[in-house]
Amino acid sequence: MFPSVCSSKPEEVVTVDVSQAKTLLQSGHRYLDVRTEEEFRRGHCLASEILNVPYMLNTPQGRVKNQDFLDQVSSLLNPTDDVLVFEIDLESDDTQGCQSGARSLNATAELLAAGFKKVRNVGGGYLAWVDHSFPINKEQQSAN
């Protein structure tokens with residue numbers, strides 16, 4: 001199992017599968033989930049270093065890129081940190097690429113272009129993680 005390299009962006013994005021990601025997380029890599037806060041609360045991978053910085057934000061006009069994404073990530077991570085970028089929501093009915101992995105791929109490419117050296121995209125993201133029956137964490141839904 002060798003990482004695949006996506007050449008759709010000028011920066012070479014390395015993509016690892018979820019089995020590789022699980023091993024890397026256990027060895028200290030940080031987990032960056034780029035889904036919206038709502039998607040993240042519905043469930044995310046169980047890891048010791050979890051960060052949620054949305055790459056896209058839900059607005060009344062639809063999904064728009066989070067203009068503060070790089071600043072937010074830079075305030076939480078160093079450019080030399082080992083980072084795995086996850087996305088893909090289980091329950092999304094979004095037809096604008098939510099389940100395609102486009103957010104994590106674009107986020108990873110943007111981080112690489114900004115000088116982050118050890119950032120990898122996780123192929124299949126959260127959905128593949130769940131499909132492999134790897135441990136997850138779901139935040140409690142408040143009863144209103």
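A search of the whole structure, which is a predicted model, finds seven salt bridges, a salt bridge being a side-chain nitrogen of Lys or Arg within 4 Å of a carboxyl oxygen of Asp or Glu. Because the model is predicted, local features need pLDDT of at least 70 and side-chain atom pairs count only at pLDDT 80 or more, while totals for chains, interfaces and linings use all residues. Residues are numbered from 1 along each chain as its sequence is written, and side-chain values use heavy atoms, with hydrogens and water left out.

Arg30 forms a salt bridge with Glu49, with 2.8 Å between the closest N and O atoms. Arg30 lies in strand E3 (residues 30-33) and Glu49 in the loop between strand E4 (44-45) and strand E5 (50-52), so this pair ties together parts that are 19 residues apart in sequence. Helices (H or I, at least four residues) and strands (E, at least two) are DSSP runs, numbered from the N terminus. Glu49 counts as partly exposed, because its relative accessibility is 33%; buried means under 20% relative accessible area, exposed over 50%, and partly exposed in between (1.4 Å probe, protein chains only).

Another salt bridge brings together the side chains of Asp33 and Arg35, at 2.8 Å from N to O. Both of these residues, Asp33 and Arg35, are buried.

The next pair opens onto a network. Arg103 and Glu87 form a salt bridge in which the closest N and O atoms are 3.2 Å apart. This pair links distant parts of the chain, as Arg103 sits in helix H4 (residues 102-113) and Glu87 in the loop between strand E8 (82-86) and H4, 16 residues apart. Arg103 counts as buried because its relative accessibility is 5%, and Glu87 counts as buried because its value is 0%. The network of salt bridges links Glu39, Arg63, Glu87 and Arg103.

The side chains of Arg103 and Glu39 are joined by a polar contact of 2.8 Å. Glu39 also meets Arg63, whose side chain makes a polar contact of 3.2 Å with the Glu39 side chain. Arg63 itself is placed in strand E7 (residues 62-65), and its side chain is joined to that of Asn58 by a polar contact of 3.0 Å.

Aromatic residues give a second set of side-chain pairs. A pair of aromatic rings is described by the distance of the centres and the angle of the planes. The whole structure holds four aromatic pairs, where rings of Phe, Tyr and Trp (its six-membered ring) pair if their centres lie within 6.5 Å, and planes under 30 degrees apart count as stacked, over 60 as edge-to-face and the rest as tilted. Among them, Tyr31 and Phe86 form an edge-to-face pair, at 4.5 Å centre to centre and 85° between the planes. Here too the pair links distant parts of the chain, with Tyr31 in strand E3 and Phe86 in strand E8, 55 residues apart. Tyr31 counts as buried at 0% relative accessibility, and Phe86 counts as buried at 0%. The rings of Trp129 and Phe134 have centres 5.0 Å apart and planes at 75°, so this pair is edge-to-face. Trp129 and Phe134 are buried. One aromatic cluster is formed by Tyr31, Phe86, Trp129 and Phe134.

Gly43 lies in the loop between helix H2 (37-42) and E4. With a relative accessible area of 0%, Gly43 is buried. Its C-alpha atom is separated by 8.4 Å from that of Tyr126, a residue 83 positions away along the chain. Apart from neighbours within four places in sequence, Gly43 is in contact with Arg35, Tyr126, Asn137 and Lys138, contact meaning heavy atoms within 4.5 Å.

Turning to the protein as a whole, its secondary structure comes to five helices and ten strands. Of its 144 residues, 42% are buried. Among contacts with a separation of 6 or more, 61% involve residues 24 or more positions apart. The accessible surface comes to about 7,800 Å², with 48% belonging to carbon and sulfur atoms; accessible areas come from the Shrake-Rupley method with a 1.4 Å probe, and for residues only the protein chains shown count as cover.

Terms used: A polar contact is a pair of N or O atoms within 3.5 Å; within protein, one must be able to donate a hydrogen and the other to accept it, and residues adjacent in sequence count only if both atoms are side-chain atoms.
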